[in-house]
Amino acid sequence: MVDEETFAQLIDAVDRFVEERLIPAEPRVEAEDEIPPEIVSQMREMGLYGLTIPEEYGGLGLSMSQEVRLVERLCRASLAFRSLIGTNLGIGSQGILMDGTEEQKAHWLPRLASGEVTASFALTEPDYGSDAAHIRTSARRDGNDFVINGVKRYITNAPRAGVFTLMARTNPDDPGAGGVTAFLVPADAPGLELGPPDRKMGQRGAKTCDVRLTDVRVPQDAIIGGPQNEGKGFRTAMKVLDRGRIHISAVAVGTAQRMLDEALRYAMERVQFGKPIVEHQLVQALLADSQAELLAARAMVRETAALYDREGRAQLEASACKLFCTEMAGRVADRAVQVHGGAGYMAEYPVERLYRDVRLLRIYEGTSQIQQMLVARQMARRAAR
């Protein structure tokens, strides 16, 4: 955790970066489906790749409470920019940080913090996403090595990755979570191939693709935490996703704020029936409902982040937060387009793109329906104590 004075300076720097560099670059990113290399370099120089990695490994070591506040500000710009660094901040680095050996931490975390290496988290498969405990990618022991075969799908930052945190089944006799192990697999490992970049509804500039593994050989020391952690990969994945869901909730709050700002600006400028539409009551209702939900979501994120900082976990709260905040962002997106009327359907206005971009938030890191299941299960467990 950095001191508040330093953190305030970082927030100011991010705010300027968003306003002066990121938002003006959004049309270019949308047109080219690529983040300009000069912006990537600036994000590295600002230390944004290492926000959550401890100082001893070259990062800034933000607390969860600080992370959500900064991510919210960053996500006033296109979510593609956040996606660029998101895997290094969360699912790509946190498994190493939480369960890795000292050697793994020393080797990978400084390179992730600097942005020299981009991490990627390879869990989802063609037939298994939400049902991640039953993945089919296999890792067969061969002496002191493992030989991995399988396909991973929709893997964020795979085209940019230098290393994958990859889940594979090491015990074929255990079809559930106990047979899954987490490996660190270098992107240049022989037999690892990338599919073509996915064509997506939104978030152009954010890269995903399939990862195909054919007899990829890794040493047993590539298991996160070492050989003694064989079969404990699903536990690592769930711990990583717990924190990641709070992060995505902050993403939802940030982009919802941007959409509401755009809707309010348009409503104050657009004149119909002789007055700005912000003075019409039904438009006011769309804006007010969005503002109320946004305030509730922001408070929820910050309370959940504070709980995580205090206790190191927040399973029920993180899932509830992700469920509410991402659904909230979807509703704000819909209202923002409605406030714009026909203009909201036109690509010249940012809300058209933001509407498409935000739809993914209700799917990745666990769908809204999965979050409902997780919240209800945690409720029942707590009530049974």
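**Figure 1. Lining of the second largest pocket.** By class, this lining holds four nonpolar, no polar and six charged residues (nonpolar: Ala, Val, Leu, Ile, Met, Phe, Trp, Tyr, Cys and Pro; charged: Asp, Glu, Lys and Arg; polar: the others, Gly among them). The model is predicted: local features need pLDDT of at least 70 and side-chain atom pairs count only at pLDDT 80 or more, while totals for chains, interfaces and linings use all residues. Residues are numbered from 1 along each chain as its sequence is written, and side-chain values use heavy atoms, with hydrogens and water left out. Lining residues include Glu 26, Glu 30, Tyr 349, Arg 353 and Arg 356. A pocket is an open set of points on a 1 Å grid over the protein atoms alone, where a 1.4 Å probe fits, with protein on both sides within 12 Å along at least five of seven lines; lining residues have an atom within 4 Å of a point.

**Figure 2. Helix 10 at the second largest pocket.** Helix 10 contributes the most to the lining, with four residues (helices are DSSP runs of H or I, at least four residues, numbered from the N terminus). Domain 1 (4-114) and domain 3 (235-384) each supply at least three lining residues, the bounds coming from an automatic or database domain assignment.

**Figure 3. Surroundings of Leu 361.** In the largest nonpolar core, of 41 residues, Met 259 and Leu 361 touch the most other members (a core joins buried Ala, Val, Leu, Ile, Met, Phe, Trp, Tyr and Cys residues through side-chain atoms within 4.5 Å; buried means under 20% relative accessible area, 1.4 Å probe, protein chains only). Helix 7 provides the largest share of this core, twelve residues. Contacts of Leu 361 (heavy atoms within 4.5 Å) include Leu 79, Ile 248 and Lys 322, not counting residues up to four places away in sequence.

Terms used
Helices (H or I, at least four residues) and strands (E, at least two) are DSSP runs, numbered from the N terminus. Buried means under 20% relative accessible area, exposed over 50%, partly exposed in between (1.4 Å probe, protein chains only).
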